[in-house]
Amino acid sequence: MRYKDLFIDFDDTLYDTHGNAVIALSETFEAFHLGRYFAEPQTFYDAYWTTNIDLWTQYAKGEITRDYLIVERFRRPLSLGKGLEVTKELCLEISDKFLDFCASKPGVIDGAHELMDYLRQRGYRIHMCSNGFHEVQYKKLDACGLRDYFDTIILSEDAGVNKPSPLYFEYALKVSGASRETTLMIGDNLQSDILGALNAGLDAMLFNRWAIDDKDIPQKPTFIVDRLRDIMKIL
C-alpha cells in the first residue's frame, strides 16, 4: 500500500457545506424577517456568497481574523437592505443563528459515507484537516454521522495557522504521527488543500467538484477525481 495516512478536507469534500449553507441562509433570512428590508431575497443571497468567498480566501492567507470574517460576511450584504441599521451586534446575532442552522444539517457529498467505509476497511488512518471553526465543525461532524471515521481531527484554530501554510501541514504531520512520504491529502480547494499540500511536500488528490479547468491548475496534483467514488478506484 503506497499510502498509510490520509489527510481529508471536510467542507465541500465530504460535507456538503455549500448546499447546507444555502438552506441555512434562507432559514436565517426568514428568522430575522429580512424581507422587510430587501425587495428581492436573492439580492441578499448573492451579496452574501460573493462576500463569503472573498473573506474565506483572505482568511486562508492569514490576511484577516476569524472575528473579522464572522462580522464582515454579514455586514456587507445586510448593508444593501433599505432602512436596516447594521450594527456589529446584529451581525453577530445573525451569524450565531446562521451557524446553528448550518451545523444541524446532515447533508454530505454524494458517496461520502460509502468512501469512508471503504477507506476504513482498507486500513487507512484517516485525519480530518480543516480551516473550519472549532465549535461548528464538531457539531457538523455529529450531524452528518462522519465523526467516528476520523483517527484525528486537525483544525487550523488548533494549529494556529490555516491551510495552505506549510506550517499547518507540519502541525498535521506531528499531531497525526504520519510520515510525509506515505501521506496523501484529499480536498476540493485548489489553493488551500492541493497547492498547500504539494508545497509542503505531500502528495495531493484534487476532488474536482467545481470543475476547474486544467489550464487553471498551476501545479499538477498527484491525482484528480471528479467523484468521491472514483477515489476507491485509486486507493
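Where is Ile109 found? Ile109 lies in the loop between α4 and α5 (112-121), where helices (H or I, at least four residues) and strands (E, at least two) are DSSP runs numbered from the N terminus. The model is predicted, so to speak of local features a pLDDT of at least 70 is needed, side-chain atom pairs count only at pLDDT 80 or more, and totals for chains, interfaces and linings use all residues. Residues are numbered from 1 along each chain as its sequence is written, and side-chain values use heavy atoms, with hydrogens and water left out.With a relative accessible area of 9%, Ile109 is buried; buried means under 20% relative accessible area, exposed over 50%, and partly exposed in between, with a 1.4 Å probe and protein chains only. Ile109 and Leu14 are 95 residues apart in sequence, yet their C-alpha atoms are 5.3 Å apart in space. Contact here means heavy atoms within 4.5 Å. With its neighbours within four places in sequence left aside, Ile109 is in contact with Asp12, Thr13, Leu14, Tyr15 and Asp16, and also with Phe207, Arg209 and Leu228.

The next part of the picture is the sheet. Six strands form an open sheet with parallel pairing, in the order β3-β2-β1-β4-β5-β6. Two strands pair if DSSP finds at least two bridges between them. Strands of a sheet pair through backbone hydrogen bonds, either parallel or antiparallel. At the edges stand β3 (152-155) and β6 (223-225), each of which pairs on one side only. From one strand to the next, the twist averages 20 degrees. Axes are lines fitted to C-alpha atoms, for helices over the stretch in contact, and angles run from 0 to 180 degrees between N-to-C directions. Helix α6 (residues 134-144) packs on the sheet, where it touches β2 and β3, and its direction makes about 145 degrees with that of β3.

Strand β1 (residues 5-8) has partners on both sides. With strand β2 (residues 125-130), β1 pairs in the parallel sense over four bridges. Within this pairing, Asp5 stands opposite Arg125, and Phe7 has His127 as its bridge partner. With strand β4 (residues 183-187), β1 again pairs in the parallel sense over four bridges, and here Asp5 stands opposite Thr183. Both faces of β1 are covered, with Asp5 and Phe7 buried on one side and Leu6 and Ile8 buried on the other.

Strand β2 is mostly covered as well, five of its six residues being buried. Four bridges join β2 to β3, and the two strands run parallel. In this pair, Cys129 stands opposite Ile154. Ile154, in strand β3, counts as buried at 1% relative accessibility. Neighbours within four places in sequence aside, Ile154 is in contact with His127, Met128, Cys129 and Ser130, together with Tyr168, Tyr171, Ala172, Val175 and Ser176. Ile154 and Ala31 are 123 residues apart in sequence and 33 Å apart in space, C-alpha to C-alpha.

The axes of α1 (residues 17-31) and α2 (residues 41-60) come within 11 Å and cross at roughly 135 degrees. The two helices are therefore oblique to each other; angles under 35 degrees count as roughly parallel, over 145 as roughly antiparallel, 65 to 115 as roughly perpendicular and the rest as oblique. The crossing of α1 past α2 is right-handed. A crossing is left-handed if the near helix is turned anticlockwise from the far one by less than a right angle, and right-handed if clockwise. On the α1 side, His18, Ala21, Val22, Leu25, Ser26 and Phe29 meet Pro41, Phe44, Tyr45, Tyr48 and Trp49 of α2. The residues of this contact divide into nine nonpolar, two polar and no charged. In this division Ala, Val, Leu, Ile, Met, Phe, Trp, Tyr, Cys and Pro count as nonpolar, Asp, Glu, Lys and Arg as charged, and the others, Gly among them, as polar.

With helix α4 (residues 88-103), the axis of α1 comes within 8 Å, crossing at roughly 135 degrees. That makes α1 oblique to α4, and α1 passes α4 in a right-handed crossing. Ala21, Ala24, Leu25, Glu27, Thr28 and Ala31 of α1 make this contact with Ile94, Lys97, Phe98, Phe101 and Cys102 of α4. The residues of the contact of α1 with α4 divide into eight nonpolar, one polar and two charged.
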